[in-house]
Amino acid sequence: MRIASNRICDIERFAYSELQEVYSADEIRNLLKIIFEEYLGWDLTTWLLSKQKTINQSDLLKINFAIKDLKRHRPIQHIIGKADFCGMTLRVDENVLIPRPETEGLVGLAKDRCPSPKRILDLCTGSGCIALALAKVFPNAEITAMDISEKALEVAQQNAWNQKVTINFLQADILSDDLAELPMFDAIVSNPPYVREQEKAEMQPNVLDYEPHLALFVPNDDPLLFYRRIAEIAHKHLVTNGLLIVEINENLGEETAGLLRAKGFETSLHNDFKGRTRFAVGRRG
Ligand SMILES: C[S@@+](CC[C@H](N)C(=O)[O-])C[C@H]1O[C@@H](n2cnc3c(N)ncnc32)[C@H](O)[C@@H]1O
């Protein structure tokens, strides 16, 4: 099917007919809002007042490609190459997890519970979203961020540069590298991979087909392997009363809290804005 003309109302009609099998009408409207903002520089009011306007061939082509990509479940953040997180617009691509709004809750917990930390460590940083948000909240803190993926770290570096913050990025496999050289931290934060392979069946193709599996999945028979290692690192590298704050699998809250308690952390679980158990906070005694 083709767009009937380069008039906005025809583009809209085309988008609704192409995308209705994949998205709800509200979602299509939101996607169109993002597309018109990105490619035409229009806000919602301009769009609503411009239904009879025509656009040039080059913009039409870009919008046509975007609609075709959306139909193939490609995330809108990959199409436009950016995502919002904690008031920042961050670059994203297929090498990093798209920052989730739920993860902003982790930043909120750190903001509320860490009294002016001097040093913060972000393990499994991906796009750098958590580290960057914390750099804005705590401008005097020295922040170190780690990831195994060189390509993810390139994106994170670029984001730090764009946001004008300084982060010490390190490439490391936190599961197997010896991190003994790390200094002591006042807070350690992490959103590590935590989706069990068995949970794949419940996931949407926009995540499964486009986001890095390295960022998502853990084996069914050892779903907490990252938390075990993170707790070990935190045990060695958190100051007394230092805080460990991790995003967790909502189905494994008690197990994750139990693991942290067994390592000597005074632990609490916290919900995200959707009411799902999504974070564990551990205080090192
Ligand atoms: C769930 S993503 C989180 C990304 C980002 N912190 C966020 O909240 O959007 C997990 C990240 O862990 C990284 N990762 C996976 N295995 C790792 C390992 N063994 N050591 C260090 N990082 C790892 C992935 O590359 C990915 O960027």
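An open sheet of 7 strands runs in the order S5-S4-S3-S6-S9-S11-S10, with mixed pairing. Strands (E, at least two residues) and helices (H or I, at least four) are DSSP runs, numbered from the N terminus. Two strands pair if DSSP finds at least two bridges between them. This is a predicted model, where local features need pLDDT of at least 70, side-chain atom pairs count only at pLDDT 80 or more, and totals for chains, interfaces and linings use all residues. Residues are numbered from 1 along each chain as its sequence is written, and side-chain values use heavy atoms, with hydrogens and water left out.

- S6 (residues 185–190) and S9 (residues 238–247) pair in the parallel sense over 5 bridges.
- In that pair, Ile-188 stands opposite Leu-244 in S9.
- S10 (residues 265–271) and S11 (residues 277–284) pair in the antiparallel sense over 7 bridges.
- Phe-265 stands opposite Arg-284 in S11.
- S10 and S11 form a hairpin with 5 residues between them, and Gly-275 in the turn has a positive phi of about 80°.

**Helices on the sheet**
- Helix H11 (residues 225–237) lies across S3, S6, S9, S10 and S11, running at about 160° to S9.
- Angles run from 0 to 180 degrees between N-to-C directions, and axes are lines fitted to C-alpha atoms, for helices over the stretch in contact.
- Contact means heavy atoms within 4.5 Å.

**Helix pair H2 and H4**
- The axes of H2 (residues 25–40) and H4 (residues 57–71) come within 10 Å and cross at roughly 145°.
- H2 contributes Leu-31, Ile-35, Phe-36, Tyr-39 and Leu-40 to the contact, and H4 contributes Asp-59, Lys-62, Ile-63, Ala-66 and Leu-70.

**Ligand**
- Of the 20 residues around the ligand (a heavy atom within 4 Å), Cys-124, Asp-147, Asp-173, Ile-174 and Asn-191 come nearest.
- A ligand nitrogen atom is 2.8 Å from an N or O atom in the side chain of Asp-173.
- A ligand oxygen atom is 2.8 Å from an N or O atom in the side chain of Asn-191.
- A ligand nitrogen atom is 3.5 Å from a polar backbone atom of Ala-172.

Notes: Polar contact = N/O pair within 3.5 Å; in protein donor to acceptor, adjacent residues only side chain to side chain.
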